[in-house]
Amino acid sequence: MNKTIVLASNNAGKIKEFNALLGDMGIDVKPQNEFNVEEAEETGLSFIENAILKARNACAHTGLPALADDSGIEVDYLNGAPGIYSARFAGEHGNNDANNALLLEKLDGVPELERTARFHCVLAYMRHKDDPTPLVFHGVWEGRILTSTEGQEGFGYDPLFYVPECGCSAASLPKEVKNQISHRGKALKQLVSAFQQQSAAQQGTPF
Ligand SMILES: O=P(O)(O)OP(=O)(O)OP(=O)(O)OC[C@H]1O[C@@H](n2cnc3c(O)ncnc32)[C@H](O)[C@@H]1O
Ligand SMILES: [Mg+2]
């Protein structure tokens with residue numbers, strides 16, 4: 001299964017997680033900045049729409065198959081915010097410290113039981129820009145929002161995301177553990193098994 005796929009993401013944290021998870025599968029994923037792909041505008045109203053927009057944009061610029069990830073955190077007390085706007089919650093795209101500070105501020109004084117939240121990760125894989133049947137996978141990771149940051153690993157909201165099954169924040173988990181149980185890890189496992197099935201059905205012709 002040696003095939004190059006463009007990874008339609010500019011997020012260094014995500015790219016590291018993808019390399020760790022897909023490298024072992026013999027799938028060569030190259031970030032879109034290696035092809036000077038311009039960032040897609042995320043104008044969709046759902047993770048699914050945005051993931052497809054990003055994948056289509058990378059296919060169009062490279063002529064290669066592309067995989068995109070649109071993800072974010074849904075906080076129940078905030079009626080699902082920041083959701084698809086997670087990267088730009090505090091205004092400036094990708095300012096993790098500002099996003100985390102704003103989340104803490106909005107949940108100030110909210111008791112533990114009402115701080116439930118979950119990460120979503122939607123992956124879209126497209127063979128080419130006009131692919132009429134993008135493959136879409138969705139992984140979810142349940143937890144709650146801490147009252148202060150904890151841990152140094154990961155990226156984004158990880159320092160504020162308490163993982164009940166581990167008894168610590170996502171940013172306190174070794175990366176191998178996060179990759180096994182996270183929203184992204186779950187979505188990627190579905191993708192890998194779809195690739196394997198397809199490859200078997202096509203007698204070795206990779207996806
Ligand atoms: O669109 P690309 O280029 O992939 O990079 P991005 O950072 O803009 O990515 P998104 O549009 O999907 O926004 C997702 C945001 O949700 C947060 N997020 C997603 N997955 C996360 C994870 O595993 N841990 C912590 N925060 C995460 C983080 O703040 C991301 O910036
Ligand atoms: Mg983005």
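Mentor: A term to start with: helices (H or I, at least four residues) and strands (E, at least two) are DSSP runs, numbered from the N terminus. This is a predicted model, where local features need pLDDT of at least 70, side-chain atom pairs count only at pLDDT 80 or more, and totals for chains, interfaces and linings use all residues. Residues are numbered from 1 along each chain as its sequence is written, chains are lettered from A and ligands numbered from 1 in the order in which they are written, and side-chain values use heavy atoms, with hydrogens and water left out.

Trainee: OK. Which element gives the most to the shell around ligand 1?
Mentor: Strand 3, with four residues.

Trainee: And which residues come nearest to ligand 1?
Mentor: S9, K14, K54, D158 and K178, out of 21 residues around the ligand. Here a residue is near a molecule if one of its heavy atoms lies within 4 Å of it.

Trainee: How does the shell divide by residue type?
Mentor: Four nonpolar, nine polar and eight charged. Ala, Val, Leu, Ile, Met, Phe, Trp, Tyr, Cys and Pro count as nonpolar, Asp, Glu, Lys and Arg as charged, and the others, Gly among them, as polar.

Trainee: What lies 2.8 Å from an oxygen atom of ligand 1?
Mentor: A polar side-chain atom of N11. R184 also has a polar side-chain atom 3.0 Å from a nitrogen atom of the ligand. Y157 uses a backbone N or O atom, 3.1 Å from a ligand nitrogen.

Trainee: New topic. Where does ligand 1 sit?
Mentor: In the largest pocket. A molecule sits in a pocket if more than half of its atoms lie within 2 Å of its grid points. A pocket, on a 1 Å grid over the protein atoms alone, is an open set of points where a 1.4 Å probe fits, with protein on both sides within 12 Å along at least five of seven lines; lining residues have an atom within 4 Å of a point.

Trainee: Which residues lie nearest the centre of that largest pocket?
Mentor: N11, K14, S71, A87 and H93, among 32 lining residues. The lining divides into eight nonpolar, 14 polar and 10 charged. Strand 3 supplies the largest share, four residues.

Trainee: And the second largest pocket, what lines it?
Mentor: It has 13 lining residues, with G13, K16, E17, G154 and K175 nearest its centre. Helix 1 gives the most, five residues.

Notes:
Polar contact = N/O pair within 3.5 Å; in protein donor to acceptor, adjacent residues only side chain to side chain.
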